[in-house]
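Work through the exercises below with the sequence and the model at hand. Try each task before reading its solution.

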Amino acid sequence: MKDDLRGKHILLGVTGSIAAYKSVLILRRLVQAGAQVTVVMTSSAQQFITPLTFQVLSRRPVYTSLFDSSEEIRHLTLAEQVDMILIAPATANIIGKIAHGIADDLLTTLVTAGPAPMVMAPAMDGEMWNHPVLQRNLSILNGLGVQIIPPEEGPLASGKEATGRLASEEKILAVVFDRLGRKADLKGETVLVTAGPTQEPIDPVRYLTNRSSGKMGYALARAAQWRGARVILVSGPTHLPCPAGVERILVRTAEEMRDAVLGHWAATTLLIMAAAVADYRPRHPAGRKIKKDGSDFFLELEPTPDILAELRAQRGSRILVGFAAETEDLDRQARTKLERKGLDMIVANDVTQEGAGFDLDTNIVTLIDAHGETVALPRLSKAETAERILDRIIELKSRSKAGDHPLR
Ligand code: PMT
């Protein structure tokens, strides 16, 4: 049953907003759906509502401070036990602190102490919501896989009409049900995801690379791990932290990426190549820094190994999914790659579209499978795009089992 949260443990973080009273209604619905809910309140939340209200409704102690008693410190283990952290309402203050790893009270400490997925429903004044600092902090959280439920437009406590009202109870609950109601549909699979750029050395201090940040691949790795898969993430150089529970192998060049993928090939059941692998590399990288002598300089390039094309011959029953980042003729280019590389599905992104492609928190992709069926997704966060890609892979797999849509 979709709205059944029995057996799920949710940490509900309540912060200091006038919308704090709405978290009482959210708590009630979560408890009615069978979830065990532990409420953690910040000190400013307690200016708006008392812990007793949450305690009565959750039938559990409410935690408010890191230092009150050893009992509360022991509850740091909570962070390792919960299935989800839901912060509703989330103020600009808590968003800023969590985005920058500040852990100066119980709630901010708990969120950095465990692997549970985090969902935040911000509520604040319209000016604050639109402030570039807040938006940058949301972008950091988004990149770390935190799902943000945007606030709605309407009358605010200040009397103004603007965007800043806590999302409706229904919207927040729908996200919780969707995330926790989802079964572990990749359990038993070993998913190998490649992410990020490669760097091909020219000399000891220079290299050829591209603008991939790794965000798309990391979102896929995180989503597959949440769905119960063993996940191996082969990553080019990025600044992203390794998602909890994921085995990461760091590589630099296309050749190293190939070796890492081949090294884990025997265990892999599903390969998703989101990495932007260099197609060419300098044929003769210099052993010493190349000096400027005023004349023209020519770099001779040679092709790198095409990892997907090489794996095609040894695919067995594995599912192969590739990406295509294109700047023109998306559909045709993507289909050609799908065919040439023998893929089951290709995720095509037109990187010239606003909100799509390299180094952004959102993407706009079309999923094209080996039988020509296409699913065009709207602009979504990379976390949500990853979920939809996995949904489609699982759908194709189950249709294939039923015999109406053979995978390649
Ligand atoms: O990392 P982000 O900043 O989040 O950006 C995400 C992204 C734009 C990098 C990602 O969504 C994406 O599109 N990745 C593929 C980029 C690409 O350039 O693909 P391609 O068209 O060069 O290659 C097609 C496929 O072959 C890809 O799956 C690629 O991983 C694979 N390939 C490419 C070259 C090579 N030598 N070996 C390969 O296996």
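Helices (H or I, at least four residues) and strands (E, at least two) are DSSP runs, numbered from the N terminus. This is a predicted model, in which local features need pLDDT of at least 70 and side-chain atom pairs count only at pLDDT 80 or more, while totals for chains, interfaces and linings use all residues. Residues are numbered from 1 along each chain as its sequence is written, and side-chain values use heavy atoms, with hydrogens and water left out.

**Exercise 1. Backbone details**

Task: Find where Asp 329 is placed, and state which residues a cis peptide bond joins.

Solution: Begin with Asp 329, which lies in the loop between E16 and H14; E16 is the strand 319-326 and H14 the helix 330-340. Asp 329 is not a glycine, yet has a positive phi of about 50 degrees. Next, turn to the cis peptide bond, which joins Ala 88 and Pro 89 with an omega of about 0 degrees. Pro 89 belongs to strand E3, residues 84-90.

**Exercise 2. The largest pocket**

Task: Describe the volume of the largest pocket, and say which elements each supply at least two residues of its lining.

Solution: Start with the terms, which rest on a 1 Å grid over the protein atoms alone: a cavity is a set of points where a 1.4 Å probe fits but cannot get out, a pocket is an open set with protein on both sides within 12 Å along at least five of seven lines, and lining residues have an atom within 4 Å of a point. Grid points are joined across faces, edges and corners, and a volume is the space filled by probe spheres set on the points. By this rule the largest pocket holds about 940 Å³ of space. Its lining has 32 residues, and those nearest the centre are Pro 115, Ala 116, Pro 117, Met 118 and Trp 226.

Then look at the elements: helix H10 (169-181) and helix H11 (215-226) each supply at least two lining residues, and the largest share, three residues, comes from H11. Domain 1 (9-181) and domain 2 (190-401) each give at least three residues to the lining of the largest pocket, where the domain bounds come from an automatic or database domain assignment.

Finally, sort the lining by class, counting Ala, Val, Leu, Ile, Met, Phe, Trp, Tyr, Cys and Pro as nonpolar, Asp, Glu, Lys and Arg as charged, and the others, Gly among them, as polar. The lining of the largest pocket then has 17 nonpolar, seven polar and eight charged residues.

**Exercise 3. The second largest pocket**

Task: Which residues are the closest to the centre of the second largest pocket?

Solution: The second largest pocket has a volume of about 740 Å³. It is lined by 36 residues, and Ala 275, Ala 276, Val 277, Phe 323 and Ala 325 are the closest to its centre. Among the elements that give two or more residues to this lining are helix H13 (307-312) and strand E17 (345-350), while E16 has the largest share, four residues. By class, the lining of the second largest pocket has 17 nonpolar, eleven polar and eight charged residues.
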